[in-house]
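User: I would like to learn how to read the packing of helices and the nonpolar core in a protein model. Could you take me through it step by step?

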Amino acid sequence: MTSTLPHPTVDERGEALRIGSLRLNSPVVLAPMAGITNVAFRTLCREQEREKIGSVSGLYVCEMVTARALVERNPKTLHMTTFGPDEQPRSLQLYTTDPKYTYEAAKMIVDENMADHIDMNFGCPVPKVTRRGGGSALPYKRRLFGNIVAAAVKATEGTDIPVTVKFRVGIDDEHHTHLDAGRIAADEGAAAVALHARTAAQRYSGDANWDEITRLVEHMDGRVPVLGNGDIFKATDARAMMDRTGCDGVVVGRGCLGRPWLFAELAAELQGLPVPAPPTLGEVARIVLRHAELLAEHDGEFKACRDMRKHMTWYMRGFPAGGEIRRTLATIESLADLRAALDPIWESSALADDADGPRGRQGSPAKVLLPEGWLDDPEDDTVPDGAEIMHSGG
């Protein structure tokens with residue numbers, strides 16, 4: 001059994017979380033998710049937080065973009081770095097495998113005032129990423145990992161832009177890398193680290209092993225803040241993780257799918273405020289429409305409405321919406337279609353039933369695909385071939 005570690009309250013700290021120059025009133029971070037955490041969704045989450053608890057207090061990270069694609073000014077990638085006019089702090093996550101492109105991308109962010117915070121992704125378990133040595137495969141190469149973090153930190157020297165690093169427990173149960181990754185990241189100047197408490201082999205299946213967050217917290221011994229990620233689906237989960245592991249904050253990904261109001265609940269719970277009541281089906285209908293309108297502003301109405309289709313199952317989960325409404329929502333092509341589909345539920349006061357469980361892809365554990373000979377030498381700092389090209393364009 002894991003013991004509960006003492007965790008300072010907001011009052012004891014004077015602030016909930018500090019990451020370099022950033023001071024957050026709520027120790028909650030939105031995890032970047034491809035095709036999800038664009039400017040429309042982030043704006044919606046922030047609006048929900050402001051409406052329900054009166055302020056925006058967490059950190060909302062944009063979709064992951066590729067360092068090389070950013071440097072090459074790929075139009076799709078630049079579009080993905082769009083921030084709202086009042087979005088502060090602006091947080092951007094880089095996917096990278098090459099110190100050269102890492103430095104150039106981070107320097108571009110600095111010189112062109114593109115963001116206030118740079119996060120680095122070493123947690124992606126997708127086979128097309130790991131088989132080229134990227135994502136959650138890369139921290140196994142200790143020197144290369146350190147060189148990449150150092151490059152980003154060097155590019156931001158003399159600025160208020162902190163660099164943070166997110167990674168997994170390791171490749172699989174035989175190849176844990178998180179303790180070394182945390183130490184190396186701090187040695188190279190990272191302002192905080194975040195751990196998704198699963199291995200790459202687990203992908204998103206099973207339960208996150210919060211004990212590994214505890215191990216990282218103890219290993220880092222207060223050098224930099226440690227954030228925990230994995231299985232945060234409701235406000236009490238965040239408090240439970242922080243109390244159990246001693247971590248300084250939480251990173252929330254799949255738990256917010258179809259629930260942009262979750263961040264208001266998390267912020268309230270962790271700041272000792274009354275947790276807002278969950279929305280009714282009618283209120284969710286208005287949130288869905290607002291999401292679509294914001295997305296239409298960003299991507300155009302047709303693309304936005306087609307993109308919204310994937311959100312509908314998440315939004316309607318647990319609600320008595322009926323099969324016909326669900327089918328109609330999954331085929332919308334315009335905002336007019338959406339308004340018509342939502343018309344029967346505008347005034348519904350129904351609440352969701354059992355909507356707090358896992359969301360999004362889970363899948364099954366699987367052998368991690370790696371480049372040939374990847375495990376032979378953990379100190380090899382050779383840049384893997386083709387990984388940056390493969391992800392060019394975001």
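This is a predicted model: local features need pLDDT of at least 70, side-chain atom pairs count only at pLDDT 80 or more; totals for chains, interfaces and linings use all residues.

User: How are two packed helices described?

Analyst: Two packed helices are described by the angle between their axes and by the distance between those axes. Here, helix α5 (residues 99-111) and helix α7 (residues 142-155) pack at an angle of about 20°, and their axes are 8 Å apart. Angles under 35 degrees count as roughly parallel, so α5 is roughly parallel to α7, and the crossing of the two is right-handed.

User: Which residues of α5 and α7 meet?

Analyst: On the α5 side they include Tyr-103, Ala-106 and Val-110, while on the α7 side they include Leu-144, Ile-148 and Ala-151. By class, this contact has nine nonpolar, two polar and two charged residues.

User: Which residues touch the most other members of the largest nonpolar core?

Analyst: In that core of 69 residues, they are Phe-122, Phe-145, Phe-167 and Phe-263, and α7 gives the most to the core, with seven residues. A second, separate core has 31 residues, including Leu-295 and Phe-319.

User: Is Asp-86 buried, partly exposed or exposed?

Analyst: Asp-86, which is found in the loop between α4 and β6, has a relative accessible area of 45% and is therefore partly exposed. Leaving aside neighbours within four places in sequence, Asp-86 is in contact with Arg-46 and Arg-50.

Definitions and conventions: Residues are numbered from 1 along each chain as its sequence is written. Side-chain values use heavy atoms; hydrogens and water are left out. Axes are lines fitted to C-alpha atoms, for helices over the stretch in contact, and angles run from 0 to 180 degrees between N-to-C directions. Helices (H or I, at least four residues) and strands (E, at least two) are DSSP runs, numbered from the N terminus. Angles under 35 degrees count as roughly parallel, over 145 as roughly antiparallel, 65 to 115 as roughly perpendicular and the rest as oblique. A crossing is left-handed if the near helix is turned anticlockwise from the far one by less than a right angle, and right-handed if clockwise. Contact means heavy atoms within 4.5 Å. Ala, Val, Leu, Ile, Met, Phe, Trp, Tyr, Cys and Pro count as nonpolar, Asp, Glu, Lys and Arg as charged, and the others, Gly among them, as polar. A nonpolar core is a set of buried Ala, Val, Leu, Ile, Met, Phe, Trp, Tyr and Cys residues joined through side-chain atoms within 4.5 Å. Buried means under 20% relative accessible area, exposed over 50%, partly exposed in between (1.4 Å probe, protein chains only).
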